[in-house]
Amino acid sequence: MFGKRGATGTGGPARGAGLAPQAPRPTPAEAQPAAAKPDAPAAAELANAAAAAPEKATPAAPVEQATAPAVPAQAQASPRRSARNESYYDTKTQVFSALIETIDLSQLAKLDADSAREEIRDIVNDIIAIKNYAMSIAEQEELLEDICNDVLGYGPLEPLLARDEIADIMVNGPDRCYIEVNGKVQEADVTFRDAQQLLSVCQRIVSQVGRRVDESSPICDARLADGSRVNVIAPPLAIDGTALTIRKFKKDKLTLDQLVNFGSISPEGATLLQIIGRVRCNVVISGGTGSGKTTLLNCLTRYIDTDERVITCEDAAELQLQQPHVVRLETRPPNLEGEGQITMRDLVKNCLRMRPERIIVGEVRGAEVFDLLQAMNTGHDGSMGTIHANSPRECLSRIESMIAMGGFSLPQRTVREIIVGSVDVIVQAARLRDGSRRITHITEVIGMEGDVIITQDLMVYDIDGEDANGRIVGKHRSTGIGRPAMWDRARYYGEEQRLASAMDSMEVKQN
């Protein structure tokens, strides 16, 4: 591989990737280590940091990694954090500056992530040896991992992203970070060195999906490579420093069977949801923020037949469909001139020209709800979407409100008739006060009486109280509906026996 020659003189012999270290070189700038490969934004940040190094005491890229990596417990409270002082950061700054002078950016795109990490570690080890820093093995290992995370990843966020039990990461400025574990929010032992380091990490994240965040565009929705949802709001809108929120997706995708094990739904309720997905009911998943709407939508899509053409529309692509015939669409914000914006409504309208069999809208927030209802009512059975509401009845009211806000001057009865003709089932999800998530209603939309939309609950969740540990105790029960409105649809798809069995089982358990 190739290193970067120093400003004067010629570099020593090149060292290949994976070879034993050569004898110490005169200076890091004259070294010729193998190049590392971060992603393109990381390479750009390294270049920016290198350009800024003569002007600033601290480079633009290093970010504090508050805990030692390599094990899941790395993001928990660590006594090393209190031991970190300005001396640690000064050392890290000097090593990072030497790394920037040494590394050859032209080679950054030629190694995979694991090889790049090993090469960066080799370079940093050589720099520490040449500079003769007095460090213990543990301190040196911590510094190595910190710098690798800064160059190749998301700095101090890396250990948090590696922990699969974390559902949310909430960064409130450079000095405060909170995480949600098991439905409870707690402070994480993670800090950034300063506000610029936090903003640099945010810019690296959003740039990977072609978006930007700075003072002129301080609000941004983006996603990580695994589909985790990211929101950034930067100063001057965020007064106390950049606020970063990450809704993490689990590495192992949840299934309805796992939701049954968690107590989110009963086995009979899970069977009912499988039938709903299989027989192509039009479904709206309703719930509050953090109630698990997207997770539930992912679970339902597992029961879509593999030969169906599915088109998804999202603000930030986070759905994880398993079918082979899926087209994923994502909105686009306006550019610096305020032009080029593609809204959710634009995507939904375009879907209708793409011969979809199902249209799935990640989250319905505005006038696009009217286009989704039109799609549901014009031959695209089995379409799905999520909406923020606290009950099935409120969900219907919100749909009406969003249609009105979209500027459609339709009579109220006409709007309700469109809703009744389009939506078959509302699945209500809720996050309870103990942090647990439950499916509280499976509700059918069956028609109108006068100007009132008539619904019927097939299954509800009753709260009985709480146990000694403060956990909510309750049960899912049938409402006694023996023949759901979807019966004819289930019979058309050959699922009437399974539907009858699920409904009967719920009633037997209740009795």
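In strand 10 of the predicted model, Ile-359 is the bridge partner of Ile-311. Strand 8 (residues 310-314) and strand 10 (residues 358-361) run parallel and are joined by four bridges. Helices (H or I, at least four residues) and strands (E, at least two) are DSSP runs, numbered from the N terminus, and two strands pair if DSSP finds at least two bridges between them. The model is predicted, so that local features need pLDDT of at least 70 and side-chain atom pairs count only at pLDDT 80 or more, while totals for chains, interfaces and linings use all residues. Residues are numbered from 1 along each chain as its sequence is written, and side-chain values use heavy atoms, with hydrogens and water left out.

Strand 8 is also joined to strand 9, by five bridges, and these two strands run parallel. Val-310 stands opposite Val-326 of strand 9. Buried means under 20% relative accessible area, exposed over 50%, and partly exposed in between (1.4 Å probe, protein chains only). In a regular strand, side chains alternate between the two faces of the sheet.

These pairings belong to an open sheet of nine strands, ordered 9-8-10-11-7-12-13-14-15, with mixed pairing. Strand 9 (326-330) and strand 15 (472-478) are the edge strands, each pairing on one side only. From one strand to the next, the twist averages 25°. Helix 9 (residues 267-278) packs on the sheet and touches strand 7 (283-287), strand 10, strand 11 (384-388), strand 12 (425-431), strand 13 (437-449) and strand 14 (452-466). The direction of helix 9 makes about 50° with that of strand 13. Axes are lines fitted to C-alpha atoms, for helices over the stretch in contact, and angles run from 0 to 180 degrees between N-to-C directions. Contact means heavy atoms within 4.5 Å.

Helix 12 (residues 368-376) has its axis within 8 Å of that of helix 11 (residues 344-351), and the two cross at roughly 15°. Helix 11 is therefore roughly parallel to helix 12; angles under 35 degrees count as roughly parallel, over 145 as roughly antiparallel, 65 to 115 as roughly perpendicular and the rest as oblique. The crossing of helix 11 and helix 12 is left-handed, a term applied if the near helix is turned anticlockwise from the far one by less than a right angle, with right-handed used if clockwise. Met-344, Arg-345, Val-348 and Lys-349 of helix 11 make the contact with Glu-368, Asp-371 and Leu-372 of helix 12. The residues of this contact of helix 11 with helix 12 divide into three nonpolar, no polar and four charged. Here Ala, Val, Leu, Ile, Met, Phe, Trp, Tyr, Cys and Pro count as nonpolar, Asp, Glu, Lys and Arg as charged, and the others, Gly among them, as polar.

The axes of helix 12 and helix 14 also come within 8 Å, crossing at roughly 50°. Helix 12 and helix 14 are therefore oblique to each other, and their crossing is left-handed. On helix 12 the contact is made by Phe-370, Leu-373, Gln-374 and Met-376, and on helix 14 by Ile-418, Ile-419 and Ser-422. The residues of the contact of helix 12 with helix 14 divide into five nonpolar, two polar and no charged.

Helix 12 is mostly covered, with eight of its nine residues buried. The buried residues of helix 12 include Val-369, Phe-370, Leu-372, Leu-373 and Ala-375. Their cover includes strand 7, helix 11, strand 10, strand 11, helix 13 (392-405) and helix 14 (412-422).

Two loop positions were also examined. Ser-266 is placed in the loop between helix 8 (256-262) and helix 9 and counts as buried at 11% relative accessibility. Not counting residues up to four places away in sequence, Ser-266 touches Val-260, Met-459 and His-476. Gly-290 lies in the loop between strand 7 and helix 10 (293-301) and, at 7% relative accessibility, counts as buried. With residues up to four places away in sequence not counted, Gly-290 touches Arg-247, Arg-431 and Arg-437. The C-alpha atoms of Gly-290 and Arg-431 are 6.9 Å apart in space, and the two residues are 141 residues apart in sequence.

For the protein chain, the secondary structure comes to 16 helices and 15 strands. Of its 511 residues, 52% are buried. Among contacts in the chain with a separation of 6 or more, 60% are between residues 24 or more positions apart.
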